[in-house]
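Subject: Structure handover

Hello,

The structure we talked about is below. Please load it before reading the rest of this message, which goes through what turned up.

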Amino acid sequence: NNNNHNNNLNTNYLENTQFGIHKQYVDIRQKVSNLMSQSQPKTEEFSNQMHLINQILEHNEFFQIEIVSLQNELKDEKSKVQNLTNQLDNIDWLIQTAKLKLTQKNKEINSNIL
């Protein structure tokens with residue numbers, strides 16, 4: 001009889017332990033499930049952010065190329081402007097020289113008349 005009672009206790013203990021383990025298992029599964037569903041939008045957001053960053057980097061690269069190209073065009077324009085400025089200086093010099101020669105001629109003509 002006493003032996004039977006012990007067997008019952010053992011069976012109860014095992015059942016309780018099994019139930020406890022099962023409950024822990026269910027709790028852990030629930031926590032994992034919650035964490036997964038919480039991390040899902042974060043993972044999506046992260047992936048979206050990475051996509052945006054990659055796009056920005058690509059655009060940045062494109063803009064860098066554009067900037068270099070524009071800088072080269074600007075250099076060309078500057079040298080054209082420099083050339084034109086030099087030509088204008090030459091023309092100015094020619095005009096000044098011509099004025100001096102005219103003034104000289106006028107003096108000669110005037111002195112000849114007098």
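A helix here is a DSSP run of H or I with at least four residues, and helices are numbered from the N terminus. By that rule I109 lies in helix α1. Please keep in mind that this is a predicted model.

Helix α1 covers residues 2-113. For a sense of its extent, take I109 and Q55: they are 54 residues apart in sequence, and their C-alpha atoms are 79 Å apart in space. I109 has a relative accessible area of 45%, so the residue is classed as partly exposed.

Salt bridges

How many salt bridges does the structure hold? The count is three. I take them in sequence order.

- K23 and D27: the side chains meet at 3.6 Å, N to O. The two residues are four apart in helix α1, which means that about one helical turn separates them. D27 is partly exposed because its relative accessibility is 35%, and K23 falls in that class because its value is 45%.
- E77 and K80: the closest N and O atoms are 3.5 Å apart. Both residues are in helix α1, with a spacing of three residues, or about one turn of the helix. K80 has a relative accessible area of 48% and so counts as partly exposed; for E77 the figure is 42%, so E77 is partly exposed too.
- K105 and E108: this salt bridge has an N to O distance of 4.0 Å. Again both partners lie in helix α1, three residues apart, about one turn of the helix. E108 is partly exposed because its relative accessible area is 41%.

On the 4.0 Å value, the cut-off for a salt bridge is a nitrogen to oxygen distance within 4 Å.

Nonpolar surface patch

Which residues form a nonpolar patch on the surface? They are F46, M50, I53 and L57, and together they have about 390 Å² of accessible area. I53 is placed in helix α1. Its relative accessibility is 41%, and I53 therefore counts as partly exposed.

In short, the items to look at in the viewer are the three salt bridges and the patch formed by F46, M50, I53 and L57.

Regards

Methods. Residues numbered from 1 in each chain as written. Predicted model: local features only at pLDDT ≥ 70, side-chain atom pairs only at ≥ 80, totals over all residues. Heavy atoms only, no water. Patch = residues over 30% accessible without salt bridge, like charges linked within 9 Å, V, L, I, M, F, W, Y side chains within 5 Å. Areas by Shrake-Rupley, 256 points an atom, 1.4 Å probe, with all protein chains shown as cover. Buried < 20%, exposed > 50% of the residue type's maximum accessible area, 1.4 Å probe, protein only.
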